[in-house]
Structures are given as structure tokens and as C-alpha cells.
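I wanted to look through this model step by step and keep a record of what I found. These are my entries, in the order in which I made them.

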Amino acid sequence: MTMRLFLEGVKSKVREISADLGYPAVSFEVTETSKQDFGDASCNIGFLLSKHLKKRPSDIAQSIAERYKDDMGMMVSEVNVHPSGYLNFVANYSNLLKSIMTSSQDPNYGSFDLGKNSPTVLEHTSVNPNKALHIGHVRNIIIGDTIGRILRKANYDVRVLNYVDDSGLQVADIIVGLLYGGFAKEPPKGQKFDHYCGDMVYVSITARYEQEPQLAEKRSIVLKELEEGKSETAKFGDEITRRVLEEQLKTCWRLGATYDCLNFESQIVRSGLWKLVFERMKSMGIAYLEKEGKNAGCWVVKSDSEDEEDKILVRSNGIATYIAKDIPYACWKLGMLDDPFQYRQYYVQRDKRVLWETTLEKTGTKLDFTGDRVITVIDSRQARLQKIITKIISGFQSPGKSYVHLGYESVTLSPGTAKTLNLDTGGKSAQMSGRKGIYVNADYVLDILGVRTYEEAKKRNPELDEPALVKIAEQVAVGALRYAMIKQDLDKIIMFDMSESLSLEGDTGPYIQYAYARAVRILEKAGVMPDCDHGFEMLSTPYEKNLAKAIGKFDMQVEDSAKNLSPKIIARYCYELSVSFNSFYEHVKVLGAESEALVTARLCLVRSFRETLGKALFLLGIDAPERM
RNA sequence: GGGCCUGUAGCUCAGCAUGGAUAGAGUGCUGGACUUCUAAUCCAGUGGUCAAGGGAUCGAAGCCCUUCGGGCCCGCCA
């Protein structure tokens with residue numbers, strides 16, 4: 001009987017009593033109380049029935065309460081009617097606590113079978129391989145990685161893809177820079193290759209096009225060569241993008257993200273999938289050859305409203321637009337096409353998951369990375385395009401398939417942080433731009449944070465050796481960044497401020513990690529762990545009850561966040577758990593408790609907390625440090 | 001012009017899907033708690049016309065409509 005069972009138990013009993021009393025069936029709720037004073041569960045049935053019965057909500061609640069009191073069952077110790085009309089319940093703590101403590105010892109605690117193991121594709125990261133990841137990309141990676149972890153916990157069979165756009169204009173730019181722009185092919189000593197390509201080559205070459213038309217000419221030539229894929233230039237491009245990708249992935253792994261497969265755009269292009277899909281679109285009447293007007297000679301997808309433009313698929317010169325690359329890829333992800341790829345092992349990641357890459361050569365392994373539901377994490381500036389793709393896909397009418405664009409608002413730079421890039425924004429925040437060099441690199445943020453967390457860790461743990469301190473510093477730095485990127489809603493802009501992000505107090509990742517470390521230390525000092533099967537009725541302070549109830553809510557939070565694809569729910573849950581624990585820690589002695597039995601009961605509570613918070617933090621991809 | 005998102009405490013945000021009790025956190029500011037299981041902590045105080053107006057409802061921060069402010073998107077670029 002975790003909180004879910006408690007609330008559901010109360011609900012079914014109220015439903016039964018209501019029916020017994022001859023009341024009409026209404027879809028009432030039993031939820032947690034909004035305030036401690038009201039007890040542990042609230043029911044709104046009085047409000048809903050008052051219309052039908054023409055009685056006051058509190059009178060109706062009273063009638064149900066009286067019946068409920070005849071048989072409170074295992075879960076409830078008190079039923080109260082609030083003058084406002086709510087029906088409130090106080091839990092039978094000795095039973096509730098026992099059940100929470102018992103279930104929280106299950107290694108799979110918190111899992112909830114929402115997905116029935118259904119194959120689900122999740123694509124995120126997908127950064128052009130011509131630059132280092134900046135703080136805006138980090139939001140995408142963290143949202144995607146966290147959603148993946150949550151969906152797995154909710155029993156979806158998740159396949160995580162990272163789409164590598166290795167044949168586009170942005171890649172052409174750095175190739176032009178390296179081949180014709182006078183840039184060395186190796187970075188200065190000590191600089192990562194992705195940083196070199198992005199910070200030095202990309203930014204300056206794009207600034208030079210206007211002054212140097214001969215470079216701009218080279219760009220179109222290089223782009224064409226990349227797409228055709230046979231020339232020396234294409235071979236060089238492949239080398240360069242793979243080197244950049246490798247460096248980008250190091251940053252992703254540093255952040256704790258992992259993937260199942262790398263999908264190379266160049267291969268999608270060369271696989272011939274587009275031709276297949278295009279023919280299908282023609283025969284289904286989705287693609288339409290425009291005869292007149294400004295789009296004459298183009299294949300278009302007609303819009304259904306006059307306010308919206310038709311979308312061009314194939315230009316009048318016969319060359320497909322980028323959307324023509326996205327449509328077959330979307331179809332491929334949904335498993336609507338014969339898979340032209342084989343798969344090659346790219347790397348074994350730190351969580352032991354194998355990362356595969358697509359190959360058109362017949363030397364790989366046949367695998368399945370498709371799903372019935374495809375979730376693509378892309379920022380909401382691309383909402384319109386994603387909507388078009390969704391519409392086209394739904395035109396194929398494949399039952400049971402769904403294509404979801406998970407959008408999120410962008411990360412902007414605070415006026416202060418913009419100023420450090422020599423950008424005066426007049427007090428407004430600044431949109432980041434890779435091309436203009438307006439961004440803050442992810443590695444840089446982690447490094448600066450790492451210095452800060454290292455100092456703190458050393459101050460608090462002078463006896464720890466260097467490797468231990470470095471490890472803690474990195475865990476806390478990543479925790480701070482991941483939490484900051486996930487704690488608010490997807491549709492809120494994050495204004496990134498470097499100095500603010502160095503604050504490690506309050507509603508932050510380190511706060512939560514600290515609570516974990518505190519729990520670990522209590523358990524460490526206690527030595528042997530006692531059996532946890534009785535004596536929980538001794539946990540009688542509000543601090544203990546609150547903590548236990550928070551622990552008991554884990555699976556409800558997993559369900560909620562998985563259903564709504566809302567990672568922040570787990571972030572908020574971790575914070576709530578930690579607040580309950582820290583308050584408990586300050587007010588209740590564990591090792592110095594009055595009796596041996598009470599020490600035992602509290603140790604069990606602390607252990608349940610540690611286990612549950614550890615699992616919840618894992619969903620956020622945040623390491624739980626033993627000390628900090 | 002059209003579309004999407006957003007507006008809640010000085011600042012950053014929960015709560016809105018599924019209406020219900022005195023609207024909550026963090027941060028800031030003021031004060032208090034370390035010879036104690038780690039003070040990256042805790043406790044107290046401070047701080048609100050839930051953008052504005054209207055509507056439906058017994059009841060609205062939440063639902064509907066209108067207006068205003070802010071952001072983003074609308075290429076034979078990707």
C-alpha cells in the first residue's frame with residue numbers, strides 16, 4: 001500500500017458508499033490534501049453531488065463520512081468533514097508506513113507499467129557536426145535523455161537516436177574553411193576539435209562570405225560534392241564530421257546521456273528512401289506538381305488554409321528540399337519502410353549500452369530501431385515544420401503509428417553573460433547563434449562549474465584524495481547543470497546566466513545530491529543495517545510521516561511524467577523528497593534516538609529515502625554522490 | 001497579415017490538462033540555529049490587483065471571449 005494504493009483504496013470505498021446511499025455516479029477524485037492540517041487525502045465528491053442532490057457539499061460529505069466510520073478498513077484512521085465541503089482522511093500510519101517501507105525496498109520500486117513494453121523511438125541531440133555543443137544544445141540533450149530514462153521506467157521499449165546531419169550547409173562551411181579558407185586542419189594544441197571547428201572556422205568563414213565571393217562559390221560546390229558523396233572532398237568531409245561528432249559525443253557522455261543509434265543523413269539521402277516515399281506521395285495525391293504561379297514546376301504539399309503557404313518538396317530544378325530528407329526519415333523511424341540499413345557497433349557507452357551506427361554496406365548486423373510511436377525532441381522554433389511532417393505522415397494512414405514533436409523553448413543568454421561575449425543587448429536577453437559566435441559552450445560551463453564544485457568539496461572533505469574530489473566535483477557540476485535545464489517547464493525560455501548558474505544553493509541539483517550524501521553518511525556510521533520489517537509505528541513525528549509519504553509517491557510521479565512527457569515532474573519530485581529529508585535531518589536524531597528500536601526504525605526510513613532518491617535521480621541522469 | 005508560446009511576490013519559477021479549502025517554492029532582504037548523523041542545511045519574518053476587462057459557474061490563477069505587453073515562426077535556406 002503505497003500512496004497510490006492508499007488513495008485508490010479510499011476512492012473505491014467512497015464510490016461504494018456513495019452508490020449504497022443511492023447517489024448518482026460522478027467522476028470524483030481522491031487526492032493528496034493541499035495542506036497538512038487537512039489530513040492525508042481529500043475527496044471532492046460533495047461538490048460534484050451537490051448539483052444533483054440539491055444539498056450542501058458538506059452535508060453530502062457528512063453522510064458519506066458517517067458510513068465510512070463504520071468500517072475504516074486497513075488504511076484510514078480518521079474521516080473528517082471540512083466546513084468547505086471536502087471529505088478528508090487521515091491515514092492509518094502504522095499500516096501506510098509499513099507498506100511504503102516494504103515496497104521501497106524493491107529494486108524496481110517506482111516502475112509503472114504504462115508502456116506495456118511498446119517500441120518507442122526517441123530522437124534527440126541531432127546537432128550539426130560542425131561545432132561544439134553549446135548551452136542551448138544541452139537543453140535538448142537533457143530533455144531527451146531524461147524523457148528516455150522516464151519512459152524506460154514506465155516500461156516503454158525505448159530506442160534513442162541521434163541524427164547526424166553530415167551533408168548540409170553548415171558542414172560545407174567548415175570544409176570550405178579547412179580547404180580554402182586558410183585554416184589549419186589541426187586545432188591549436190589543447191583545443192578540442194569541435195571547439196576549433198565551431199569557434200574558429202565556422203564563425204569566421206561565415207563572416208567572410210560577403211567580402212570574399214570566391215569562398216561563397218566554393219561553398220555551393222562543396223555542398224554538392226558532399227551530397228553526391230563520391231569525391232575526395234566528400235571523403236574529407238566524412239573524416240571531419242566524424243571527428244567533430246566524436247568530440248560532441250564526449251560532451252554528451254560527460255553529461256550522462258547515451259544513445260542507441262547514430263543515423264547519418266548522408267546515408268538516408270543515398271539509401272534511395274526518398275524516391276520510394278515520393279512515389280507513394282504522388283500516387284496518394286499528397287505531393288502535387290504545381291503548374292502555375294510562383295511555385296510553377298515544383299512538387300508541393302498543398303496547405304489547407306489560405307493563410308499558409310504551400311510547402312515545396314522538390315524545387316523546379318528537380319532538387320529535393322531538406323524536408324524531403326525528413327519525410328523518409330520519419331517513415332523509417334515509424335517502421336513504415338523496408339530498412340535499407342545494416343548496423344555497425346560504434347562504441348560501448350559507460351552505462352554498457354552499445355551505440356550503433358547506420359551503414360549502407362552489407363557488412364553490418366540487421367537490427368530494429370523503429371517504433372510505433374516516434375518522439376522527436378526539437379526546439380519549438382521548428383514547430384511549423386514538424387507540424388507539416390506530422391500531417392504528411394498521418395496522410396499515409398498507418399494505424400497505430402504516431403509521430404510526436406516534443407518542442408521546447410530555447411535557451412537565451414542573460415544581458416550580463418552576453419556582455420562577456422562583447423555583446424551589448426541593451427538590457428535584453430540574447431538569442432544564441434552558432435554562426436555569429438553568440439553562445440556559451442557546454443564544456444566551458446561544465447569546466448567552470450567543476451572548479452567551483454571542486455573548491456567546495458575540498459573545503460568540506462579535506463581528507464579525501466585528489467581523484468575522489470575530482471569525481472565529486474564533476475558529479476555535482478553535471479548535476480547542477482542537468483537540474484537547471486530540466487526543472488522548469490518545456491515551454492518556458494531559460495535565460496542562462498553564467499554567474500547565477502554557479503549558485504549551488506536552494507532549488508538546485510547540488511541541494512538534492514547533498515541530501516543524498518547526508519543519508520549515506522548516517523547509514524555508513526550506523527554500520528550494520530538492521531532488518532526492516534516492523535516497528536514503523538514508532539515513526540510518529542510529522543517529519544518522519546512527511547518523508548515516508550514522499551517516498552510513497554514515486555510511482556505516481558513516474559506515471560504522471562511519462563504520460564505527459566514532462567521531465568520536470570521528476571525534478572520537482574526529487575526536490576520535494578530532499579526537502580522532506582533535510583527537514584527530518586535537522587529535527588530528528590537517527591543515531592542518537594532514545595531507544596534501539598527507534599534507531600532501527602529511523603535507519604530503515606533513511607535507507608528507503610536513499611534508495612528512492614537514488615532511483616529518482618537516476619531518471620534525471622544525475623549521479624548520487626556518497627559524499628560531497 | 002497569419003500561426004505557436006508566454007504574462008502569478010523585487011527576480012526566477014510551481015500550481016492551469018482534470019475549477020473547490022487561507023495562491024506556494026527558490027532567490028533577495030531581515031533575524032535566528034554549527035563542541036551534535038556534513039550549515040551545499042534548517043527555522044522565522046518580509047514580500048501578491050494571479051497582465052487588464054468581460055462571460056458562463058454556487059465557486060475561477062485555472063474554462064470561454066476581447067484587449068494589452070513579451071518571445072518565436074511563416075525561403076525554390078537547413
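**Entry 1: helix H12.** I began with helix H12, residues 323–333, where 10 of the 11 residues are buried, so the helix is largely enclosed by the rest of the structure. By buried I mean under 20% relative accessible area, with exposed being over 50% and partly exposed in between, for a 1.4 Å probe and protein chains only. The buried residues of H12 are Ile323, Ala324, Lys325, Ile327, Pro328, Tyr329, Ala330, Cys331, Trp332 and Lys333. After H12 comes Gly335, and I noted that its phi is positive, near 70 degrees. Helices here are DSSP runs of H or I with at least four residues, strands are runs of E with at least two, and both are numbered from the N terminus.

**Note on the basis.** This is a predicted model, in which local features need pLDDT of at least 70 and side-chain atom pairs count only at pLDDT 80 or more, while totals for chains, interfaces and linings use all residues. Residues are numbered from 1 along each chain as its sequence is written, chains are lettered from A and ligands numbered from 1 in the order in which they are written, and side-chain values use heavy atoms, with hydrogens and water left out.

**Entry 2: strand S13.** Next I looked up strand S13, residues 373–377, and found 4 of its 5 residues buried, so this strand too is largely enclosed by the rest of the structure. Which strands pair with S13? Strand S5, residues 119–123, pairs with S13 in the parallel sense over 4 bridges, and Thr120 stands opposite Arg373 there. Strand S14, residues 402–406, also runs parallel to S13, joined by 5 bridges, with Val377 opposite Leu406. I counted two strands as paired if DSSP finds at least two bridges between them.

I then followed the chain through S13, helix H13 (residues 383–395) and S14, which make a right-handed β-α-β unit. Right-handed means that, with the strands pointing away from the viewer, the path from the first strand over the helix to the second runs clockwise.

**Entry 3: domains.** Chain A is divided into domain 1 (3–91), domain 2 (169–228), domain 3 (413–501) and domain 4 (509–619), with bounds that come from an automatic or database domain assignment. I noted that the centres of domain 1 and domain 2, taken over C-alpha atoms, are separated by 68 Å.
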